[in-house]
Amino acid sequence: MANLVSLALLVALAGALCRHADATAFEVGGEEGWVVPPASDGGKYNQWASKNRFLVGDIVHFKYDKEEDSVMVVTEDDYNNCRATHPIFFSNNGDTEVELDRPGVFHFISGVEGHCERGQRMVVKVVGQGTPPPAPPSPPHPSDAAPSTRAIVAVAMALPVIVLSF
C-alpha cells in the first residue's frame, strides 16, 4: 500500500511540473522593458497585450530600472484614474514576475508619479485555464487484489520516460 501511495504522489508531482512547463512567460515591452512610452505611442502596452493570449498560470515579466520605476497591480478604478495609493500588488526590484493566477482582468500601472498618465499602464485579459494537470490515480478498493510490486516498479520507472516525452 505504501508503494501505491508513493506512486500516486509521484504522478501528482509530475502533473504539477508538466502544468508549470506549459505556462508562457511574456516579456512586457520586449527588449526595451517596462518604460514610459514615447508620447506618440501612449497605448503601446495595451496594444501589445491585445495581441497575446494569456492563460491562467502564465507569467508577465517586467524588466525596469529599480532606481527609476516600479510595477503595480491595481483595481480598474485605480487604473482608470492612474491612482497608485492602494495597490493590490507592488514591486520595485527591477525584475518582477507576476503569475496570472485566475481568469479575468489584471490592471498594471507604474507606481512612479506621472508615468501612468504618460502611458505606462496595461490591461491583461486572462481568458481561461491552461492545460489541467492529470488527476492522480485512485487508490484501489480494499476488496481489489493488490498490484504486484513488480508492476508498481515498472510503472514508476516508465513515468520519467513518459514525462520527458512531452
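This tour moves through the sheet, the nonpolar cores and the disulfide, in that order.

The model is predicted, so local features need pLDDT of at least 70 and side-chain atom pairs count only at pLDDT 80 or more, while totals for chains, interfaces and linings use all residues. Residues are numbered from 1 along each chain as its sequence is written, and side-chain values use heavy atoms, with hydrogens and water left out.

**The sheet**

Select the five strands of the open sheet, whose order is S2-S8-S7-S4-S5 with mixed pairing. Helices (H or I, at least four residues) and strands (E, at least two) are DSSP runs numbered from the N terminus, and two strands pair if DSSP finds at least two bridges between them. Strand S2 (54–55) and strand S5 (89–91) stand at the edges; each has a single partner strand, so one side of each lacks a neighbour in the sheet.

Next, display S7 (residues 104–109) with S8 (residues 121–128): six bridges pair them in the antiparallel sense. Gly-104 has Val-126 in S8 as its bridge partner.

**The nonpolar cores**

A nonpolar core is a set of buried Ala, Val, Leu, Ile, Met, Phe, Trp, Tyr and Cys residues joined through side-chain atoms within 4.5 Å. Buried means under 20% relative accessible area (1.4 Å probe, protein chains only), exposed over 50%, and partly exposed in between.

Select Phe-54, Val-60, Phe-62, Leu-100, Phe-108, Met-122 and Val-124, which touch the most other members of the largest core, a set of 19 residues. Helix H2 (44–50), strand S3 (59–63), S4, S7 and S8 each give two or more residues to this core; S8 supplies the largest share, three residues. Another core, of seven residues, lies apart from it and includes Val-74, Tyr-79, Cys-116 and Val-123.

Now centre on Phe-108. Its contacts (heavy atoms within 4.5 Å), not counting residues up to four places away in sequence, include Trp-34, Val-71, Tyr-79 and Arg-121.

**The disulfide**

Finally, show Cys-82 and Cys-116, whose sulfur atoms lie 2.2 Å apart in a disulfide (a pair of cysteine sulfur atoms within 2.5 Å). Cys-82 lies in the loop between helix H3 (76–80) and S5, and Cys-116 in the loop between S7 and S8, 34 residues apart. The torsion about their S-S bond is about -70 degrees, so the disulfide is left-handed. Both Cys-82 and Cys-116 are buried.
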